[in-house]
Amino acid sequence: MSALDTLADRMFPDVTHTPEEYEALYPARQLKEGARVTRIAPSPTGYLHLGVLYAATINYLTAKSTGGVFYFRLEDTDSKREVDGGAEDILAGLSHYGLTPDEGYGGPGKETGNYGPHRQSDRAEIYHTYVKDLVRKGLAYPCFCTAEQLNAVREEQESRKERTGYYGAAAVCRRLSPEEALQKIEAGLHYVVRLRSPGDESRRVKFDDMVKGTIEMPENDQDLVLLKTDGIPTYHFAHAIDDHLMRTTHVIRGDEWISSVPIHLQLFQVLGFKPPKYAHISPIMKEENGNKRKLSKRKDPEAAVRYFTEEGYPIQSVMEYLLTIASSGFEDWRKCNPAADRFSFPFNLKKMSVSGALFDLDKLNDVSKNVVSAMDADAVTRYILEWAAQYNQEFHAKLAADPVFAQGIFSIDRGGSKPRKDIGKWSDAPDYAAYFYQRPDPTGLEYPESLHAADIKEILSSYPPVYDPSQDRQQWFDAIKALCPALGFCPEVKEYKKNPDGYKGHAGDVSTVLRIAVTGRRNTPDLCSIMRLLGKEEILARLQAAASVL
RNA sequence: GGCCCGAUGGUCAAGAGGCUAAGACACCGCCCUUUCACGGCGGUAACACGGGUUCGAUUCCCGUUCGGGUCACCA
C-alpha cells in the first residue's frame with residue numbers, strides 16, 4: 001500500500017464506493033440525438049430572484065425544444081447563507097411560472113429521476129469518493145493553512161504586486177509529503193482538500209461559449225479548494241461532479257461564471273470527465289446614477305419574483321417579457337403567432353444578446369397590457385379575485401360580494417378587435433373600478449372650465465327623465481343629443497366646431513358632465529355601459545347629489 | 001491592478017464591407033372619436049473615440065475611452 005493510499009484512507013475512512021460504481025449507477029442517458037439536458041441549480045440563499053427565473057426559462061426552453069430534460073438541483077453547500085424556506089420558495093415560484101422541472105429535488109424528502117439525489121447536502125459520500133480517488137492518485141492533497149496564514153500570503157503577494165492566490169511558492173502544503181500530511185492529520189490539524197493543479201499560467205485555454213463565442217484565457221494554476229474544512233465541496237468541485245454524474249449536456253448559467261471556466265475545464269480533465277457545453281447568459285441589469293449594474297436582491301424590489309406576484313402581473317406577462325429579453329426574435333414571432341404556446345418558440349442560444357439588458361418596467365407594462373387585453377372578462381375577473389384575495393382584501397370583499405357585478409365591470413369594452421388596455425397588472429384594478437363601489441364626492445367634482453355652473457346644473461337636472469337603462473349605446477347617446485337644443489348645446493360635434501360661438505358646447509360636453517357626475521372622472525370606459533351596470537336608482541342618486549351642490 | 005467580455009436612438013434591439021441604418025417600448029404631433037383607452041398616420045432620436053486595411057468602413061484589425069464581470073474554505 002502506497003503512502004498516498006494510506007493518506008487517502010486516513011482522510012476518508014468511510015468511503016466504501018468507487019468512482020466506477022457511480023459511473024455505472026448513473027449511466028449516460030438514453031435520449032434522442034440532439035436532446036439537451038439542462039438544469040437550474042440555485043442556492044437557497046434567499047427567495048426566487050428574477051435572474052434565476054430568467055436562467056430557468058432559458059434552460060427550460062433549451063431542454064424542451066430539443067426533447068431533452070430539465071432538472072432542478074439544490075446547491076446548499078453554504079449553510080451560513082442559507083435562508084429558511086428559500087428552496088421551497090424557489091421551487092414553488094418556478095412551478096408557478098410554468099417551469100416545472102422534469103426531475104430533481106422537489107422539497108424535503110422529495111426526489112425524482114434516476115440521477116439523484118439532487119440536493120448537494122445529500123451527496124457528501126459521492127464527493128468524498130471522488131476526492132479520495134484524487135488524493136490516492138496524487139491529484140489532490142490536504143492543506144493545513146489557516147485563514148491567517150492565507151491572508152498573510154495574500155498581503156505579501158499584493159505588496160509585491162504579484163498575482164494573488166494559492167499557487168507556485170505560495171502553495172506550501174502542495175509540497176508536503178504524504179507522510180508529513182498524515183502526521184499533521186494525526187496531530188488533529190484541520191484541513192481542506194485542494195486540487196494539485198496541473199495548469200500553467202503561461203498556457204491558454206480556449207473554449208466555445210454558445211452565447212459569447214470563442215473565449216481564450218490563461219490556464220488555471222491555482223490549487224483551489226475542493227472540499228472545505230467541514231468536508232463539503234466548493235461550487236467548482238460540486239459542479240464538475242454533479243453535472244457529469246447527472247449527465248448535463250449544456251450548462252447554461254449567469255456570465256459571472258465565465259472567469260471560472262478554466263477551473264471547471266481543468267476539473268473535468270483531471271477527473272477524466274467529458275466537459276459539458278457552456279452558455280453564459282448576461283444578467284438583467286438595472287440603471288442607477290447613469291450606470292448599469294446587476295439587478296440587486298437588496299436594492300431592487302423587482303429583483304424578487306415575488307414583487308411581480310404582489311403587483312399582480314399575470315405569469316404570462318412576466319414570461320413573455322423575459323422571453324423578449326432573452327431573444328430578440330420573440331416579439332416578431334409572437335406577432336405572427338399570437339395564440340401559440342410561448343414555449344413552442346424556436347429558441348436559439350446563439351441568438352441571445354451578448355450584453356446585459358436593462359430591466360425596463362415600461363416595456364413589461366406594455367407587454368402585460370397586451371396580454372391582459374387578450375383575456376376575456378371571465379378570466380380577468382377570476383385573476384383579479386385571486387390576486388385581491390391575497391393582496392387586497394378590502395377590494396376582494398367588494399368584488400366577492402357580487403361576482404356578477406364585478407365581472408360586469410371588467411366586461412366593459414372588453415373583447416372585440418380593439419380592446420381597452422387600461423389594466424396591465426391586477427393592482428391597477430382597485431383604482432380602475434373605484435367609482436363602481438363608491439359615489440364620488442359631489443363637492444370635489446371638476447367640470448370643464450368652459451361650462452358655467454348654471455348650465456351644468458341644468459344638464460344634470462334635465463337628464464334623468466330621458467334616461468332609460470334599456471337603451472343601447474346608440475339610443476343612449478341619441479337621447480343626450482335630443483336634449484342638446486333645449487340646453488343651448490349643439491347635438492353634433494362637427495357642426496359645433498364650424499360654429500363654436502353659436503352654442504354653449506356640444507353633445508360631448510353634455511356627456512362629459514354626466515360622466516363626471518356619475519364617476520367623478522373625466523376619462524372612463526363607455527359611460528352607457530357604466531350606467532347600466534350601476535343601475536338607474538344609483539345613477540339618479542349620483543346625478544342629484546351632483547346637482548344639489550351647484 | 002491582472003484576466004475576461006462588451007459598446008447601434010432614453011430603453012430593448014435587427015443589420016451588413018456600399019441600404020435613406022429595420023422594428024418594439026417610451027416621448028411628441030395629427031387623425032378617428034361623446035371622454036379616455038384602442039387603432040391609424042407621422043415625428044424627435046443612434047452606429048463611443050483615434051488610427052489603420054480598403055475604391056469604400058458603423059461593419060474587419062489595432063489602440064483609447066467607457067461600461068460590465070471576476071480574482072474566497074460564497075455560490
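## Helix packing exercises

The buried residues of α18 pack against α19 (473-487), β14 (489-490), α21 (507-519) and α23 (536-548). The model is predicted.

**Exercise 1.** Which residues of helix α18 (residues 453-462) are buried, and where do they fall, seen down the axis of α18?

*Solution.*
1. List the buried residues of α18: D455, I456, I459 and L460.
2. Look down the axis of α18. The buried residues fall within an arc of 140 degrees, so they line one face of the helix.
3. Find the partners of these buried residues: α19, β14, α21 and α23.

**Exercise 2.** At what angle do helix α5 (residues 124-136) and helix α8 (residues 235-245) pack, and which residues meet?

*Solution.*
1. Take the axes. They lie 11 Å apart, at an angle of about 110 degrees.
2. Classify the angle. Values of 65 to 115 degrees count as roughly perpendicular, so α5 is roughly perpendicular to α8.
3. Identify the contact. I126, Y127, Y130, V131 and L134 in α5 meet F237, A238, I241, D242 and L245 in α8.
4. Sort the contact residues: 9 are nonpolar, none is polar and 1 is charged.

**Exercise 3.** How many residues of helix α9 (residues 261-271) are buried, and what follows α9?

*Solution.*
1. Count: 10 of the 11 residues are buried, so α9 is largely enclosed by the rest of the structure.
2. Name them: V261, P262, I263, H264, L265, Q266, L267, F268, V270 and L271.
3. Step past the helix. G272 follows α9, with a positive phi near 75 degrees.

Conventions. Residues are numbered from 1 along each chain as its sequence is written. Chains are lettered from A and ligands numbered from 1 in the order in which they are written. This is a predicted model: local features need pLDDT of at least 70, side-chain atom pairs count only at pLDDT 80 or more; totals for chains, interfaces and linings use all residues. Side-chain values use heavy atoms; hydrogens and water are left out. Axes are lines fitted to C-alpha atoms, for helices over the stretch in contact, and angles run from 0 to 180 degrees between N-to-C directions. Helices (H or I, at least four residues) and strands (E, at least two) are DSSP runs, numbered from the N terminus. Angles under 35 degrees count as roughly parallel, over 145 as roughly antiparallel, 65 to 115 as roughly perpendicular and the rest as oblique. Contact means heavy atoms within 4.5 Å. Ala, Val, Leu, Ile, Met, Phe, Trp, Tyr, Cys and Pro count as nonpolar, Asp, Glu, Lys and Arg as charged, and the others, Gly among them, as polar. Buried means under 20% relative accessible area, exposed over 50%, partly exposed in between (1.4 Å probe, protein chains only). The arc is that of the directions from the helix axis to the C-beta atoms.
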